[in-house]
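Hi,

Here is the structure I promised to pass on. Have a look at it first, and then read my notes below.

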Amino acid sequence: MFDRLSSLVVALTLVAIAAIFAMLAGGDALTIAILAVAGIAAILVVHGAAPDTTAGARGEAPAEPLPALPGSLLRHPDFARWADQEREPLIGTDDHIVTIANDAAIRLLGRHIVGADIRTAIRHPGAVDALAAAGSPDTLQEIHLADFPRPGHRWTMHIAALSGGERIIFLSDRSAIDAADRMRSDFVANASHELRTPLAAILGYVETLQDMNDEGDGATRHRFLSIIEREARRMQQLVIDLLSISRVEADRFRRPTTPVDLTAIVRTTIAQLKDSDHPRAKDVVAGFDATPLPILGDEAQLGQLAHNIISNAMKYGRADTPVTVELLREGHRGRLAVRDEGEGIAPDHLPRLTERFYRVDEARSRSVGGTGLGLAIVKHISERHQGQLDIESEVGKGTRVSVTFPLAGEA
Ligand code: ADP
């Protein structure tokens with residue numbers, strides 16, 4: 001705020017004002033003089049001892065330069081201690097020879113790298129030139145290493161040059177980030193493809209109807225309009241499911257805190273499905289009583305989870321066979337289980353069913369109005385509620401999809 005000189009002037013002025021007030025208040029001359037002299041002396045002593053913190057801010061050089069640290073940074077014992085705490089691999093080199101490698105670097109490249117030439121420790125065609133060069137102390141070089149140390153993996157290497165030929169090499173694993181990026185772009189590509197297919201059909205039939213003008217019989221026109229409606233509904237369902245999955249993903253880390261009754265939620269879902277015009281609405285059987293199953297949850301999401309599992313059983317079960325919905329209390333958890341008598345699912349498909357857009361039989365899924373997102377949504381909702389999803393199936397006999405949730409108020 002104040003520089004050194006102006007703060008001194010302010011302090012002296014304050015002492016002078018204090019002395020005048022003391023005089024006006026009736027103090028004798030000797031007391032006032034002693035007060036003023038003692039005040040000034042105290043200010044001078046304190047002011048002289050205080051460090052001048054404004055010098056740096058004014059751009060002036062500090063009074064005394066800090067002494068340079070002697071020796072190598074890499075050989076300092078604190079450096080080794082810090083390096084081992086780093087989770088990412090870190091290597092120090094002196095004149096291209098590895099002098100230090102932290103635990104993560106040794107796990108990645110092996111203990112033998114200490115004492116070896118860095119160009120043999122990190123064997124990668126993309127790294128050779130950067131590792132061979134002297135490097136400038138002012139720049140941090142970044143190099144991407146594809147298929148390092150194994151095919152399919154990707155790492156980034158940063159090289160920081162220190163003085164005297166020493167360098168620090170940081171490695172960071174990009175494989176997981178790249179995989180997430182790939183998943184995201186695959187998802188966008190798949191979603192676009194899924195939307196494009198019904199859209200192309202709609203445009204095709206609209207053009208045909210336009211070309212027909214008033215020609216063509218009413219039955220043909222009706223058939224074309226029905227196809228347009230079916231494809232538009234498919235697009236609508238896809239958009240609804242895409243929005244659901246993005247909403248559920250956004251909520252992923254927000255644990256639900258509202259107490260809800262799983263029994264009541266599943267009852268409502270069954271009632272909605274039984275009231276629908278689905279050809280298998282009558283086959284749904286509620287195999288449970290009204291005993292409440294209290295859990296902490298998001299009512300709308302749990303309703304959607306139940307809806308997706310039950311409607312899959314209706315879609316893929318055989319006509320006129322029961323779709324049985326059960327609610328069970330198992331220790332501290334509650335289980336929702338849905339059984340159907342359908343063709344079942346071969347074991348090699350089971351681990352992939354919750355992937356977005358994965359279908360065992362694409363044509364079958366489409367013909368029953370599937371989007372390939374139902375079980376992906378179920379998985380996300382289940383994870384958010386600390387649920388455990390199980391799919392058991394026997395080919396030719398049927399499938400049982402179940403989710404268990406921790407009951408509220410129980411450990
Ligand atoms: P879809 O919208 O295609 O039904 P889901 O994500 O809900 O997508 O399910 C993925 C795939 O899992 C389905 O396409 C189907 O092949 C299979 N599947 C799901 N539930 C059942 C079931 N009860 N019986 C047989 N196959 C099922």
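Predicted model: local features only at pLDDT ≥ 70, side-chain atom pairs only at ≥ 80, totals over all residues.

Five strands make up an open sheet, in the order S2-S1-S5-S4-S3, and the pairing is antiparallel. At the edges you'll find strand S2 (97-101) and strand S3 (140-146), each of which pairs on one side only. From one strand to the next, the twist averages 25°.

Inside that sheet, have a look at strand S4 (residues 154-161) and strand S5 (residues 166-173), which pair in the antiparallel sense over seven bridges.

Next, the helix pairs. Helix H8 (residues 175-212) and helix H9 (residues 218-250) have axes that come within 9 Å and cross at roughly 160°. An angle over 145 degrees counts as roughly antiparallel, so that is how H8 and H9 lie to each other. The crossing of H8 past H9 is left-handed. As for what sits in their contact, the residues divide into 21 nonpolar, one polar and four charged.

The other pair is helix H11 (residues 299-316) with helix H13 (residues 374-384). Their axes also come within 9 Å, but the crossing is at roughly 140°, and H11 and H13 are therefore oblique to each other. H11 passes H13 in a left-handed crossing. On the H11 side, the contact includes Leu 305, Asn 308, Ile 309 and Asn 312, while the H13 side includes Leu 375, Val 378 and Ile 381. By class, this contact has seven nonpolar, six polar and one charged residues.

That brings me to a residue I'd like you to click on: Asn 312, in helix H11. Is Asn 312 buried or exposed? With a relative accessible area of 18%, Asn 312 is buried, because the cut-off for that is under 20%. Leaving aside residues up to four places away in sequence, Asn 312 touches Gly 317 and Leu 375; Leu 375 is also part of the H13 side of the helix contact. Finally, Asn 312 and Val 401 are 89 residues apart in sequence, yet their C-alpha atoms are 9.5 Å apart in space.

Happy browsing, and send me your questions!

Conventions: Residues numbered from 1 in each chain as written. Heavy atoms only, no water. Axes fitted to C-alpha atoms, helices over the stretch in contact; angles between N-to-C directions. Helix = DSSP H or I, 4+ residues; strand = E, 2+ residues; numbered from the N terminus. Parallel < 35°, antiparallel > 145°, perpendicular 65-115°, else oblique. Left-handed = near helix turned anticlockwise from the far one by under 90°. Contact = heavy atoms within 4.5 Å. Nonpolar A, V, L, I, M, F, W, Y, C, P; charged D, E, K, R; others polar. Pairing = 2+ DSSP bridges. Buried < 20%, exposed > 50% of the residue type's maximum accessible area, 1.4 Å probe, protein only.
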